[in-house]
Amino acid sequence: MARNNPKVSVVMPVYNVAAYVGRAIESLQAQTMGDFELLVVDDGSKDRSGDICDRMAEKDIRIDVFHTSNGGAPAARNLALDHARGQYVYFMDADDWAEPSMLADMVALADEYNAELVVAGFYIDTFYSKKSNEHLSELKAQPSKVYANQAEFRANAYKLFDENLLYTPWNKLFLRSRIEELGLRFRPTFWDDFPYVLDFIRDAHKVVVTEKAYYHFIRSRAESETARWRPNMYEKREEEHGWMLDLLEHWGLLDDVASKEMVMRRYVERLIGCIENVCNPSAKLSRAQKIEAIRHMISTPHAQEAVQLARPRSRVMRTLVKPIARKNAAQAYIEGSFISFVKRRNTRIFATLKARR
């Protein structure tokens, strides 16, 4: 068993990642700060993932492995949280990896400023194929900042959202006593990590941001994945948009120009992603049904509000937004089909354009 009262509890759900989980664990073992426990939850893996974790745990007292039937990442993370003993909690995905000084640097900031939350930069490493190591590495970061109070953090949170720093749990160090005070656990839903972070930052007071980046989020762009059609994507994006508006309302920032524009631009960008998803050849819809689905998506009052308030940052995005503003479903279908084609046939160009949007 891992030591009592470690400084950090690292939570790692594992499911069918035998090719990657060893690297993830090794990147933690290489941390310059060794005072942590690693809580691995093998979520019913059908490959060798669980065995790999067991073998590594046999040689490292800091690693505890739990084996469960497949219940999904939310349940796996919650099981680990129930066993966590650290002062801080760090979440890590089993197919990613971290730079050696990550825990030491983030803990030092949390201790120095008595922070509830430390937010770091990270890298999105997009690999173009399974046969090649060729990839695009995109840095997401904001200048280092210690927020003096809750109001200052809320007023500037839009900058962090703009760099994707407030969506995922794995670029953050959480104060565990605050997690338990809130009774915070992951919701049993698809894309579960976003509402968890929103619940934590909703009333956060002491937040520290570091411009340093440590975490490498590995994004695979293999053909089998880019060809996927997600039938419930639009409904999930609508739900997320509601969460963001609710957060702004709670913060008293619905009339704040910068914060509102960020939320609306974010919605429009994801709406375009939903249009592309409908245009995917694997979508089980006729051409007429696809155009009708797009017509519904772009004609809603909040879609039109978003397109009026958003200020796209690139020429490409400004062009893609025009059919939405005109409620032209046929033109949006043509654009969505083109995006889908590029995404499936030239992942390098797609990843580059997405990074520059």
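Colleague: Is the crossing of α5 and α9 left-handed or right-handed?
Modeller: This model is predicted: local features need pLDDT of at least 70, side-chain atom pairs count only at pLDDT 80 or more, and totals for chains, interfaces and linings use all residues. Residues are numbered from 1 along each chain as its sequence is written, and side-chain values use heavy atoms, leaving out hydrogens and water. A crossing is left-handed if the near helix is turned anticlockwise from the far one by less than a right angle, and right-handed if clockwise. For α5 and α9 the crossing is left-handed.

Colleague: Is α5 roughly parallel or roughly antiparallel to α9?
Modeller: Both are helices (DSSP runs of H or I, at least four residues, numbered from the N terminus). Their axes come within 10 Å and cross at roughly 155°; axes are lines fitted to C-alpha atoms over the stretch in contact, with angles from 0 to 180 degrees between N-to-C directions. Under 35 degrees counts as roughly parallel, over 145 as roughly antiparallel, 65 to 115 as roughly perpendicular and the rest as oblique. Therefore α5 against α9 is roughly antiparallel.

Colleague: Which residues of α9 does α5 meet?
Modeller: Contact means heavy atoms within 4.5 Å. From α5 come F153, R154, A157 and F161. Their partners in α9 are M244, L247, H250 and W251.

Colleague: How many residues in the contact of α5 with α9 are nonpolar?
Modeller: Ala, Val, Leu, Ile, Met, Phe, Trp, Tyr, Cys and Pro count as nonpolar, Asp, Glu, Lys and Arg as charged, and the others, Gly among them, as polar. One residue of the contact of α5 with α9 is polar and one is charged. The nonpolar count is six.

Colleague: How much space lies in the largest cavity?
Modeller: The structure holds two cavities of 30 Å³ or more. A volume is the space filled by probe spheres set on the grid points, which are joined across faces, edges and corners. The second largest cavity holds about 30 Å³. The largest cavity holds about 50 Å³.

Colleague: Which helix gives the largest share of the lining of the largest cavity?
Modeller: This lining consists of I272, I275, L320, P323, I324, A332, E335, G336 and I339. Two or more residues each come from α10 (257-279), α13 (315-325) and α14 (329-345). The largest share, four residues, comes from α14.

Colleague: Is α11 roughly parallel or roughly perpendicular to α14?
Modeller: The axes of α11 and α14 come within 9 Å and cross at roughly 110°. Therefore α11 against α14 is roughly perpendicular.

Colleague: Which residues of α14 make the contact with α11?
Modeller: On α11 the residues are R287, K290, I291, I294, R295 and I298. Seven residues of the whole contact are nonpolar, none polar and three charged. On α14 the residues are A329, A330, A332 and Y333.

Colleague: How far apart are the axes of α10 and α12?
Modeller: Helix α12 spans residues 301-309 and packs on α10 at about 115°. The crossing is left-handed. The axes are apart by 8 Å.

Colleague: How much space lies in the second largest pocket?
Modeller: A pocket is an open set with protein on both sides within 12 Å along at least five of seven lines. Of the 13 lining residues here, P231, Y234, E235, V278 and A293 are closest to the centre. Helices α9, α10 and α11 (287-299) each supply at least two residues of the lining. The space in this second largest pocket is about 170 Å³.

Methods. 1 Å grid on protein atoms, 1.4 Å probe; cavity = no way out; pocket = protein on both sides within 12 Å on 5 of 7 lines; lining within 4 Å.
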